[in-house]
Amino acid sequence: MSTLMLRNLNTLITCDREDRILEHVDLYCEDGFIRAIGPHLPQLADRIIDGTHLWCYPGLINTHHHLYQVFSRNLPQVQNMELFDWLTTLYEIWKGLDERVIRLSTLVGGGELLKHGCTTCFDHHYVFPRNTADLIGVQFAAAEELGLRMFASRGSMDLSKKDGGLPPDSVVQTVDEIMADSIRLIEAYHDPKPGSMRQVALAPCSPFSVSADLLRQSALLARQYHVRLHTHLCETKDEERYMLEHHGVRPLEFMASLDWTGPDVWYAHGIHFNDEELCELARTGTGVAHCPISNMKLASGVARVPEMLALGVPVGLAVDGSASNDGSSLMEELRVCYLLHRLHASQAAPSGYQVLKMATRGSARLLGRDDIGQLAVGKCADLFLVDSRRLELVGGEYSPADVLATVGLRGAVDYTVVNGSVVVEEGHLSTIDEARVAEQARNTCRTYLAKA
Ligand SMILES: [Zn+2]
């Protein structure tokens, strides 16, 4: 049995059902779960952290990433492009990825997430070049090395350039190949139990790189295995035009006709929904992973988040791939999200605390989990701690629930705990040798880019 005690926390922001904010309480964890919260708890523990000056938050949950893109960020040739040209250029690099690129980019991107308070990551991997083996297995192994709670996906593409899609031939597969590998991955890795460290979703890439048949078959298989469905949708006006030209309908109507709406489906971006479509998302419980930095970087538009929240559409927060971010800090996303909607919607914008809830409770809902995203007895021991005495936080202590989005937190958190284990300590990863991994990753990145 492993145990952890946080003693006398300065402030505990629970994000629980009652939105409780507690002061001077202990939090006790056993075998990955929170077992007690309250003043002066009697339990003893293997590890005790003095919380006298610490603010404690539920671990952030990232609902959309492409970790492999850590090795294609800040590339000068794509800095001034929008989505379609950006993708077409980058596929020429991405078609060269292999197991080593996947392992090291997962360690680097996952490590950055952990250092900034994110404890669960959903990754949308959809590039499977021929002759690569178990890329998703490699991701799970790297996440385990880091101590990160991992939600991977079997992404897919079956429409290459010759069929009117954007990717090159060498990275698309047939529907049969994709379905067989999806079954293999679900059976090998998907653990649906509370406290699960490994889950799998089915995630065809986007309506302009996959066929209707692939979407239909994916939905059938997901329902059969009770796993979730994810894809990019309504990211750009180009996508809307593509759908109208090729299918004669708008993107959401197309997806709905293939059984791609419901509480087990969430879309990345969701920018260009009209009024009726927002109501349809709310009615069906279909979720949206909001990626403000990526949307700004690629000039895609502003997602209608205030309206989504008002209608009850499930909304979570995400960093998106590092080629359009160009980093992996969900903490930074909190502040950018807050400011973007202040600019765009003024008084209708979510508060700092509402943005925090989007990245915790909201994100957990998209992933179909009620065991993470809040700090309460019986929930997973996933959290992060911030020293309230930092110079840059002076004056911010009047509302620790809002401060991460309003003032923002620069630099790493002090501690991150996942599944009851301390994985970031005094701002550094305690599970891997950061300098050594960074050096290996730099060398691998250089070789990978040189190959393209
Ligand atoms: Zn994406």
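H64 and D320 link distant parts of the chain, 256 residues apart. H64 sits in the loop between β6 (60-62) and α1 (83-94). D320 sits in the loop between β13 (315-317) and α11 (330-345). Helices (H or I, at least four residues) and strands (E, at least two) are DSSP runs, numbered from the N terminus. H64 and D320 are both buried. Buried means under 20% relative accessible area, exposed over 50%, and partly exposed in between (1.4 Å probe, protein chains only).

Residues are numbered from 1 along each chain as its sequence is written, and side-chain values use heavy atoms, with hydrogens and water left out. As the model is predicted, local features need pLDDT of at least 70 and side-chain atom pairs count only at pLDDT 80 or more, while totals for chains, interfaces and linings use all residues.

The structure holds one cavity of 30 Å³ or more. On a 1 Å grid over the protein atoms alone, a cavity is a set of points where a 1.4 Å probe fits but cannot get out; a pocket is an open set with protein on both sides within 12 Å along at least five of seven lines; lining residues have an atom within 4 Å of a point. Grid points are joined across faces, edges and corners, and a volume is the space filled by probe spheres set on the points. The largest cavity has a volume of about 120 Å³. Its lining comprises 17 residues, and L83, L87, Y126, H232 and E235 are the closest to its centre. By class, the cavity lining has eight nonpolar, seven polar and two charged residues. Ala, Val, Leu, Ile, Met, Phe, Trp, Tyr, Cys and Pro count as nonpolar, Asp, Glu, Lys and Arg as charged, and the others, Gly among them, as polar.

Helices α10 (305-311) and α12 (352-366) each supply at least two lining residues. The most come from α12, with seven. The lining of the largest pocket divides into eight nonpolar, four polar and seven charged residues.

The second largest pocket holds about 300 Å³. Its lining has 19 residues, and V70, R73, V108, A438 and A441 are the closest to the centre. Two or more lining residues come from each of α2 (99-115) and α14 (434-451). Helix α14 gives the most, seven residues. Twelve nonpolar, two polar and five charged residues make up the lining of the second largest pocket.

Helix α11 has 16 residues. From first C-alpha to last it reaches 22 Å, close to the 22 Å expected at 1.5 Å a residue. The expected span is 1.5 Å times one less than the number of residues. Its buried residues are L330, M331, E333, L334, V336, C337, Y338, L340 and H341. S346 follows α11 and lies in the loop between α11 and α12. Phi of S346 is positive, near 50°, in a residue other than glycine. S346 is partly exposed, at 37% relative accessible area.

A299 also has a positive phi, near 55°. A299 lies in the loop between α9 (292-297) and α10 and is partly exposed, at 49%. A cis peptide bond joins N325 and D326, with omega about 5°. D326 is in the loop between β13 and α11.
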